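Trainee: Could we go through this model together? I would like to begin with a local detail and then turn to the overall fold.

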Amino acid sequence: MSARKTVFTGFYSYLLTGIIYTLIMSRLPAIKAQTGLSDADVGVALMCLGGGSIVGFLTVNWLLHHLQVRTLLSYAAFCFMGVGMLLTLAQSKWQLFALFVLWGYTCSYLDVAMNTHSLYIEMFTQRPYMSSMHAGYSGGCLLGSALGAAFAFFLVPVWLNFALIALILCGVFILLRSALLPDPQSVREQDDLKENAARKRHYIPVFIFLCGLMGMFSYTAEGSVAEWGSLVLHEAKQASEGVAALAYGVFALFMASTRLFCDHLRARTGDKALLLIGTSIALCGMILVMWTHLPYVCLIGYAIMGVGLAPVFPLVLSNAGRYPGVSPKVATATVSFIGYTGLLVIPPALGFLAHHFGLERALFLPLGAILLVMLGSLCFKGRAQKGYRRKMAS
């Protein structure tokens, strides 16, 4: 099996997911009008999405005990696109709520399958690829946003917009999916041993939970830009709505670009150093956002945050998946579950703080989250990627 084709197929699965997810979110106003949703109903729909994801994360380990990762990845990708198509055809809020639950459910399966398959790629090639894979998702989000905006500008119906893009993505995935890796024999043999050991000790190692918390805190910092960045610029920095709308786009662009180089940096510097450097850069960007009153300087701060946070979640997943005595499937599902659970709690908490203490003071929450990720990075080993360095040197 060609390693290059396998790596590209893994990258494409992230790209596909980013495009599909952002395409739906970018056309949410049209879906809202089509189904007659109120603003409160939109909030309920997004909660349904999160709730479905949590249920999926809780059940995915049982499913992976019966299916190979590549099989789940294929099924989940097709279901993710299929449910997305149904979302664009929904005619009532109750249909939409039910479909968002199902979409979140399939999204969680796809998330775990993609990340576990990326761990298999790293094992197969003996090179770091996790950051490059997540760069595909970030790039897909940017591309999906641009496509959604273009179709919306020309008033193309949302179902037709989605169908055209999904058919192309689906066709390419059908051609590529034969390159997905089977579960390595060593993993299949060790899974039973690891599960038996887990039953005896009745707990998951603390390091896996630490990785999950670090993922949650990095999502907290990212969510402060995605969900509150435009409000910070418009209300606190007095930016126009047009400038304010650039907040997450600038952040995502620099995050995606940086992730293309993170695997190379990881092989050269090691995990601990890269985490410390990245979180230090993100901390500087967050402080700049809080300190300045100039909108364009604030955008620079968000760009710096994107650069600094880029390596965190991919690197945390990679380390959790390689932890001795824990199946990569279990580690990936646990880290993803903890990380996404934080998305259900942290954004409302940030809104509560903004309401009672002011929007700028509420930014101390993501600032503290970055500091906690920095502290957590001290538990990582700097020598984790020596095998990768030897491979690259040869």
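Mentor: Let us start at a loop: Gln126 is located between H5 and helix H6 (130-153). Please keep in mind throughout that this is a predicted model.

Trainee: What is the phi of Gln126?

Mentor: The phi of Gln126 is positive, about 55 degrees, although the residue is not a glycine.

Trainee: And is Gln126 buried, partly exposed or exposed?

Mentor: Gln126 counts as partly exposed, because its relative accessibility is 35%.

Trainee: Which loop holds Leu155, and what is its phi?

Mentor: Leu155 sits in the loop between H6 and H7. Leu155 is not a glycine either, yet its phi is positive at about 60 degrees. With a relative accessible area of 73%, Leu155 is exposed.

Trainee: Let me step back to the whole protein. How many helices and strands are there?

Mentor: The protein has 19 helices and zero strands. Its radius of gyration is 20 Å, close to the 21 Å that the globule rule gives for 394 residues, so the protein is as compact as a globular protein of that length.

Trainee: What box do the C-alpha atoms fill?

Mentor: Along the principal axes, the C-alpha atoms fill a box of roughly 55 × 45 × 40 Å.

Trainee: What share of the residues is buried?

Mentor: Of the 394 residues, 53% are buried. The accessible surface amounts to about 17200 Å², and carbon and sulfur atoms account for 70% of that area.

Trainee: Among contacts with a separation of 6 or more, what share comes from residues 24 or more positions apart?

Mentor: Such residues account for 85% of those contacts.

Trainee: On to charges. How many salt bridges does the structure hold?

Mentor: The structure holds six salt bridges. One of them joins Asp41 to Lys93, with the closest N and O atoms 4.0 Å apart. This pair links distant parts of the chain, since Asp41 belongs to helix H3 (residues 39-64) and Lys93 to helix H5 (residues 93-125), 52 residues apart.

Trainee: Are Asp41 and Lys93 buried or partly exposed?

Mentor: Asp41 is buried, because its relative accessible area of 13% falls under the 20% cut-off. Lys93 counts as partly exposed, at 29% relative accessibility.

Trainee: Which residue forms a salt bridge with Glu122?

Mentor: Glu122 forms a salt bridge with Arg266, and the closest N and O atoms are 3.4 Å apart. Glu122 lies in helix H5 and Arg266 in helix H12 (residues 247-269), so the pair ties together parts that are 144 residues apart in sequence. Both Glu122 and Arg266 are buried.

Trainee: Which residues are linked with Glu122 in a network of salt bridges?

Mentor: The network links Glu122, Arg266, Asp271 and Arg322. Within it, the side chains of Arg266 and Asp271 meet at 3.0 Å, N to O. Asp271 is buried, as is Arg266.

Trainee: Next, Thr279. In which helix does it lie?

Mentor: Thr279 is part of helix H13 (residues 271-291). Thr279 is buried, because its relative accessible area is 1%.

Trainee: What lies 3.2 Å from a polar atom of the Thr279 side chain?

Mentor: The backbone oxygen of Leu276 lies at that distance of 3.2 Å.

Trainee: Leaving aside neighbours within four places in sequence, which residues are in contact with Thr279?

Mentor: On that basis, Thr279 contacts Gly308, Val312, Ile370, Val373 and Met374.

Trainee: Finally, where is Leu231?

Mentor: Leu231 is placed in helix H10 (residues 229-236). With a relative accessible area of 31%, Leu231 is partly exposed. Neighbours within four places in sequence aside, Leu231 is in contact with Ala236 and Leu359.

Trainee: How far apart are the C-alpha atoms of Leu231 and Tyr109?

Mentor: They are separated by 32 Å, and the two residues are 122 residues apart along the chain.

Terms used
Residues are numbered from 1 along each chain as its sequence is written. This is a predicted model: local features need pLDDT of at least 70, side-chain atom pairs count only at pLDDT 80 or more; totals for chains, interfaces and linings use all residues. Side-chain values use heavy atoms; hydrogens and water are left out. Helices (H or I, at least four residues) and strands (E, at least two) are DSSP runs, numbered from the N terminus. Buried means under 20% relative accessible area, exposed over 50%, partly exposed in between (1.4 Å probe, protein chains only). A polar contact is a pair of N or O atoms within 3.5 Å; within protein, one must be able to donate a hydrogen and the other to accept it, and residues adjacent in sequence count only if both atoms are side-chain atoms. Contact means heavy atoms within 4.5 Å. The radius of gyration is taken over C-alpha atoms; the globule rule is 2.2 Å times the number of residues to the power 0.38. Accessible areas come from the Shrake-Rupley method with a 1.4 Å probe; for residues, only the protein chains shown count as cover.
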